[in-house]
Amino acid sequence: MSNKINTIGIPSEEEIKKAQIDFSPRCTAAGRVNDKETQKMVEYILNFARKHSLFVLAYGTGCGAIEIPATMTSRYDAERFGIRGAATPRQADVLLITGYLSTKTLKRVIRVYEQMQDPKYVIAFGSCTINGGMYFDSYNTIKALDRYLPVDVYIAGCMPRPESVIKGFIKLQELIQNGNAGNGECYRDNLDWYRTNQQKIIKNWDFPDEYNW
Amino acid sequence: MTREKETTLYLGPQHPGITGNMMIKLKVSGDTVVSAETHLGYLHRAFEKLIERRNWLQSFTILCRFCVPEPDPIELSYALAVEKLEGRAVPERADYIRTIVAELARIQSFLLWYGGQSGSGGLYTLGQWSVGDRNYILDLFEDLTGARIYHMFMWPGGVRRDLPEGWVDKAYRTMDYLEKRLDDYNKLLFDNAIFQKRAQGVGIIPKDKALEWGVVGPPLRGTGIKHDVRIDEPYAAYDKIDFEVPTYEGGDVWARALVRRDEIKQSINIIRQALDNMPGGSYYNRIPNPMKWTVPAGNAWAKTESVRGEIGFYLVSDGSNKPRRAHLRGAAYAHGISVLEKILPGENIADVSFILNSLGVCPPEMER
Amino acid sequence: MEGIGFKILGALLTTILAFVVGMFYGGLNRKITARTQNRVGPPVYQNFIDLVKLQGKRTNIAHGFMGHIAPVLAIIASLTVLMFIPVLHDGLWFRNLTFKGDLIFLLYMMVFGSLGMALGAGQSGNPNSAIGVSRGLAQMVGYEIPFVLALVSLMIQFHTTSIQDLMAYQHETGQWIIFANPFAFLAAILSYLGMFRYSPFDIVGAPAELASGPISEFGGKYLGTMMTSGSIFAFIKLVLMVDIFFGGAGNFGSGFWGVVAGLVELVVKTFIVYMIPVFIGLVSPRFRTEQAIRFFWKWPTAFGVIAILWSVFL
Amino acid sequence: MDLIHNLKEVFEIDAKIKNDFQIEVEAKKELVSSILLYLKNQHGFIHLDHMSCVDWIEDEVFELVYIVWNPNTKKTVLLHTKIDRNKPEMENIDTIWDQANTYEREFREMYGIEFPGLVAEREFILEGWTEMPPMRRDFDTKKYAEETYATRPGRENAEDVREKIIKRTGEEIPDFAKKYSRD
């Protein structure tokens, strides 16, 4: 599998080396279950199904959520690509991070992400998930989402228009078909790295008692 | 009925029925809500802190993101407050354009409300229609301001640009189309016996308490109290335009829905009048170089009528090129927390989302 | 023609038919919904894709033993009921285990699937599931009464507890029971609205209220199995309706072409019946639980009582 | 204008007319709750529009603003008061208006102003916050954000982002975007 960058927002390998920072762990093909060499036909069919049946979790984490109704309804109609809403994380495939994440929401988003079942995908909306956007100096929002959750596709813009949202979904579909999307395993393998980052900003990890089902 | 065991139900932050990223902690006995508690902070971006670091014009990029479904009234409140502080005059044409933009914002937000209200009640068809048709309004915005949602259009001293060529005709056509469609919507929603059953007698705000509780906007007019900032303290060109403010008695979800149904027609009427009587002349009383632009020290309180009620800005200047303090009074500030906690107990859990939508609870403007 | 191998083949064919038709109807529902809502909508085979994806999920979480067994119970229930429904009148292939008392048997078995789901949802610990289950059971109490009344009125009127006999009667006289006892039909179709759980009776899994109710905690293959069971159940309900009230399908002999013609007739008839809950669902908001029960105990029950009186005195 | 007269008479404070609809009053912090009660009960200012807080760090004070509105006369009163910034404490008025509770919780969290008698959870908007109350002016949000959150490195040169993307992924610039390109 090539090391081609699947998203625009993440800097390339050379850039990372140049900047001397450790960015999100990159999963190699060996770490993936959907290795195309082994179960070629089955995986092809499954990937086809995965690609055309994306259940999006109904969680508007930020202001980008205002374009989701527009994307889902009659003019743009995302359902023709098999994209539909799912009410709970157990049923969902795609987690949309619609914009900035405050630390309080990030805690819930992590929880939600961990409740979702593999393969699961993350689409990040808007410039604020890429580099903080206009909230670059805000004390309560995170600046680079892929430090805390593995992101499959970034959609740039503030806020992205429904057309670009659909473009993002199509990009995700391409990645799924090629077996390059779905970073659930990657997240589990590098859980320490992600946890360290998460715990740096979320000081209070407790959930209410009734939350633990 | 015997006392059942109470269950704690977390409505949100991830929940299809919530009107934004917030959480309502419900104590439920059977199907009845015993107590409700609003939890906020999921959308806190520290806007007011950030505005203290931006200059007067840069603040606009942040302002419109206060409340996503209707950014324009917030921009307008801020612009009015700055104009009050500085004493800057606004050309008459700008006033009319502002009126049109504010009313278009109102219509698009009402169309979104149609979707929310009917969707939370289980009628998804109407939401698909109205949110789809909302795109026509957003198209008008796009032609006028260059963006669908966030416009940053109404600046201190007027508006950012003049009406583009052909825009007026397009606006007329869109209004005609919408008026036709509204009949369909109303047939589907308001003539529906099940919706009437669901909405009547639910989420009642008592008339004698409404003002004291801080209820504003359509929920207030739904209790029969006639209060509208557009009439009480006219801004923009509302004092030159003839329109009515509908009120209904009852204070329940049904009355609020009726108020909104009538208001959207009034908005169309206002836009038509404003387009008819559009004066010529300048649209912008130019401000000096924004980086050096200072506003005299003082404080100002300006409010406008948004879809969900009055939106006010308390603005303090210390004479520098940055606001000292800009504090938004969101329309939903009282609705979403204290009013909700008062009216939810005793209701059915099926109606929680219904009531949330009819109050127009919008979390980002509560926590900013 | 009555060998055991033949029976098994028939059972398999019935299952496949029920699965395919049920899933396609789900897709058609989505397509028709989309067209009503001014949209293009997903392809009609979308439900199959969804199912493959759900079964292809790499991780599946179950909350305890009942969470694991609940979808199995649901699908067993639906397959069992399917075996006792005469799908075609003449087609011996699709008769399966039909026996003389199947109408009474069905009344019991049709509850079974919901109970399995209830048990599984109860163990997940999610309050949404628990509330959804209690709502579902309450609603079931609501719609079962008119449904039972309707069927009982038919049993009284035609002195039989066998669906096959009802079909034979309709075939012989040429008069559908919808005309012979219209009130029974009204009671049954109204309780069907509740059984299908489309608006206005989708209170069990109401998204805006309870996330998705009992199935909140089911994902992956569990959800897929639930979905399959739901599709088969939808088919069963439709076939039962057609069998009882619309003269059944397949009065063209038991030859190959007779069976094919019968299946075509079945699909046409069930589709028409299916459109009733779909179109009502498209334009109705959701009832509250107590409103739904009150509704069922008012009009459909009244129709059911009238149907019984009708069958006794006519 | 008997409101201004009455305020002068009862509380010995000067009210001044701000504009057609607004009257501005400045009062000592001890008087605030009685003035608000008086306005609410005697003059029909039954609607609490807004409460605000301004940090005047130079003068070492917090300025609290209460904005009340009369639905009959359509007049607004802005009541200002100043409290000591080093030991910020203010009377709790949620017995007069319930919704003041929320504002006061917010000020307690954002400015560290204590309201004795305020019954509510301390955490309102922030969660697990250990720094100084963030809306105080001496809290540097940019510095905090840079220290706390991982940031993505910015551009190194002024190269057009679009060209960079082309080089990296081989994507084409759409036609409509070409006219905004630099060359």
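This is a predicted model: local features need pLDDT of at least 70, side-chain atom pairs count only at pLDDT 80 or more; totals for chains, interfaces and linings use all residues.

Visitor: Which strands stand at the edges of the open sheet of three strands in chain B?

Guide: The sheet has the order β1-β2-β3, with antiparallel pairing. Each edge strand has a single partner strand, so one side of it is left without a neighbour in the sheet. The edge strands of chain B are β1 and β3 (32-39).

Visitor: Are α8(C) and α10(C) roughly parallel or antiparallel to each other?

Guide: Helix α8 of chain C spans residues 182-196 and helix α10 of chain C spans residues 220-245. Their axes come within 12 Å and cross at roughly 175°. Angles over 145 degrees count as roughly antiparallel. The relation of α8(C) to α10(C) is therefore roughly antiparallel.

Visitor: How many charged residues has the contact of α8(C) with α10(C)?

Guide: From α8(C) come C:Phe185, C:Ala188, C:Tyr192, C:Met195 and C:Phe196, and from α10(C) come C:Ala234, C:Lys237, C:Met241 and C:Phe245. By class, eight of the residues in this contact are nonpolar and none is polar. The number of charged residues is one.

Visitor: Which helices of chain B do the buried residues of α6(B) pack against?

Guide: Helix α6 of chain B, residues 167-190, reaches 32 Å from its first C-alpha to its last, close to the 34 Å expected. Its buried residues are B:Ala171, B:Met175, B:Leu178, B:Leu182, B:Tyr185, B:Leu188 and B:Leu189. They pack against α4 (92-120), α5 (124-145), α7 (193-199) and α11 (253-276) of chain B.

Visitor: Which element gives the largest share of the side of chain B that touches chain A?

Guide: This contact takes 31 residues from chain B and 31 residues from chain A. The elements of chain B that give two or more residues to it are β1 (6-11), α1 (47-53), α2 (59-63), α4 and α5. The largest share, six residues, comes from α5(B).

Visitor: Which element gives the largest share of the side of chain D that touches chain B?

Guide: Here chain D gives 27 residues and chain B gives 26 residues. In chain D, two or more residues come from each of β3 (47-56), β4 (61-69), β5 (76-84) and α3 (100-110). By class, the side of chain D has 14 nonpolar, nine polar and four charged residues. Its largest share, six residues, comes from β3(D).

Terms used
Residues are numbered from 1 along each chain as its sequence is written. Chains are lettered from A and ligands numbered from 1 in the order in which they are written. Axes are lines fitted to C-alpha atoms, for helices over the stretch in contact, and angles run from 0 to 180 degrees between N-to-C directions. Helices (H or I, at least four residues) and strands (E, at least two) are DSSP runs, numbered from the N terminus. Angles under 35 degrees count as roughly parallel, over 145 as roughly antiparallel, 65 to 115 as roughly perpendicular and the rest as oblique. Two residues are in contact if their C-beta atoms, placed from the backbone, lie within 7 Å. Ala, Val, Leu, Ile, Met, Phe, Trp, Tyr, Cys and Pro count as nonpolar, Asp, Glu, Lys and Arg as charged, and the others, Gly among them, as polar. The expected span of a helix is 1.5 Å times one less than its number of residues. A residue is buried if 20 or more other C-beta atoms lie within 10 Å of its own, exposed if 12 or fewer, and partly exposed in between; C-beta atoms are placed from the backbone. Two strands pair if DSSP finds at least two bridges between them.
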